[in-house]
Amino acid sequence: MQAGQFAVFGHPISHSLSPRIHQAFARQFGLELDYRTIDAEPARFAETVRAFFAEDGARGANVTLPFKNAAFMLADECSEAAKRSGSANVLTRLADGRLAAHNTDGAGAVRDLTDRHQLDLRGHDALMLGAGGAAQGVAWALIDAGVRTLTIVNRSPEKADALADAIGEPARAHTRYWEDLDTIGSFDLIINATSAGVLGAPLDLPFGFVGNRATCYDLSYGKGAAQFLAWAKVANAKFIVDGLGMLVETAADAFELWHGKRPETDPVYHELRAQLG
Ligand code: ATR
């Protein structure tokens, strides 16, 4: 059955595994998808998205860096998770042609950490590096999942402050300066939500804030995660996890929104893991 046209928008985007994941989910239900990658020029993101959704059969899109905030802004309506984070990784065309924004990043990351990697987040002191579109989606979900504290550190401090202010629980979610990372204390969960790895930029991190039993989690995968994962190894982190599982989980939520069917994520995750290493 032909299920319509889908795409993932990003810049860069050629690394994306989203097309393969959605095609693998579709095969589980005998669906045929047209799912493509679209490298949108940043200044023309909104018009590129509108042109895609103006096509016959266009039904949904995933959105990755650096467009998650812009995707939220251009939608006509949004889910609660998109609204509270101000960012969206899923756009869906409604029957009347309007666009709805969703954010499945937070739910996907928490499901990956707790179900797949068996991490009980309750009581954890978490450090979030970055405060862009991906961080905004995941921060709220970590709070919901019961982390004891969430410290947000961003290269541009005002974005971290805005995220902590939006969460509005100053005793749990607060910010520190990037320059103070070497004197900031230690953490049980360290999340790399920066786009440095994907953009090929250096991420210069000290080692002292990695606690004895810390999990280091990168929201990226493949080459984009390599730098942070290598740093985590040198820092002696107990558990080191990339964002492949999160990607598969967030894709499953998008798939269910678009097709009304819940795909099995484990077989797709294991197949991609075997190839990625
Ligand atoms: P995403 O959707 O991946 O979150 P984004 O919204 O463009 O993409 O956000 C990128 C994040 O990575 C931001 O927090 C950015 O920091 P700034 O707000 O200061 O720009 C962070 N980032 C990107 N490159 C970085 C680098 N080389 N070092 C540290 N942080 C970086």
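Helices here are DSSP runs of H or I with at least four residues, strands are runs of E with at least two, and both are numbered from the N terminus. Before moving on, note that this is a predicted model, in which local features need pLDDT of at least 70, side-chain atom pairs count only at pLDDT 80 or more, and totals for chains, interfaces and linings use all residues. Residues are numbered from 1 along each chain as its sequence is written, and side-chain values use heavy atoms, with hydrogens and water left out.

**Two cis prolines**

Stay on P66 and show its backbone. The peptide bond from L65 to P66 is cis, with omega near 5 degrees. Now jump to P12, in the loop between β1 (2–10) and α1 (18–28). The bond from H11 to P12 is also cis, with omega near 5 degrees.

**Zoom out**

Show the whole chain as a cartoon. The C-alpha trace spans about 55 × 40 × 30 Å along its principal axes. How does the radius of gyration agree with a compact globule? For 277 residues such a globule would have a value near 19 Å, and the chain has 18 Å, which agrees. That radius is taken over C-alpha atoms, and the globule rule is 2.2 Å times the number of residues to the power 0.38.

Colour by burial next. Of the 277 residues, 54% count as buried. Buried means under 20% relative accessible area, exposed means over 50%, and partly exposed lies in between (1.4 Å probe, protein chains only).

Colour 2–103 + 245–276 as domain 1 and 106–242 as domain 2. These bounds come from an automatic or database domain assignment. The two centres, taken over C-alpha atoms, are 24 Å apart. Look between the domains: 24 residues of domain 1 are in contact with 24 residues of domain 2. Contact means heavy atoms within 4.5 Å. Across the chain, among contacts with a separation of 6 or more, 69% join residues 24 or more positions apart.

**Helix α6**

Select residues 133–144, helix α6. Is this helix enclosed or open? Eleven of its twelve residues are buried, so α6 is largely enclosed by the rest of the structure. Among the buried residues are W140, L142 and I143. After α6 comes G146, with a positive phi near 100 degrees.

**L257 on α10**

Go to L257 in helix α10 (residues 244–259). L257 counts as partly exposed because its relative accessibility is 40%. Show its contacts beyond four places in sequence: V90, H102 and T104.

Q118 is exposed, with a relative accessible area of 65%.

Finish at N236, in the loop between α9 (223–234) and β12 (239–241). N236 is not a glycine, yet its phi is positive, at about 65 degrees. With a relative accessible area of 63%, N236 is exposed.
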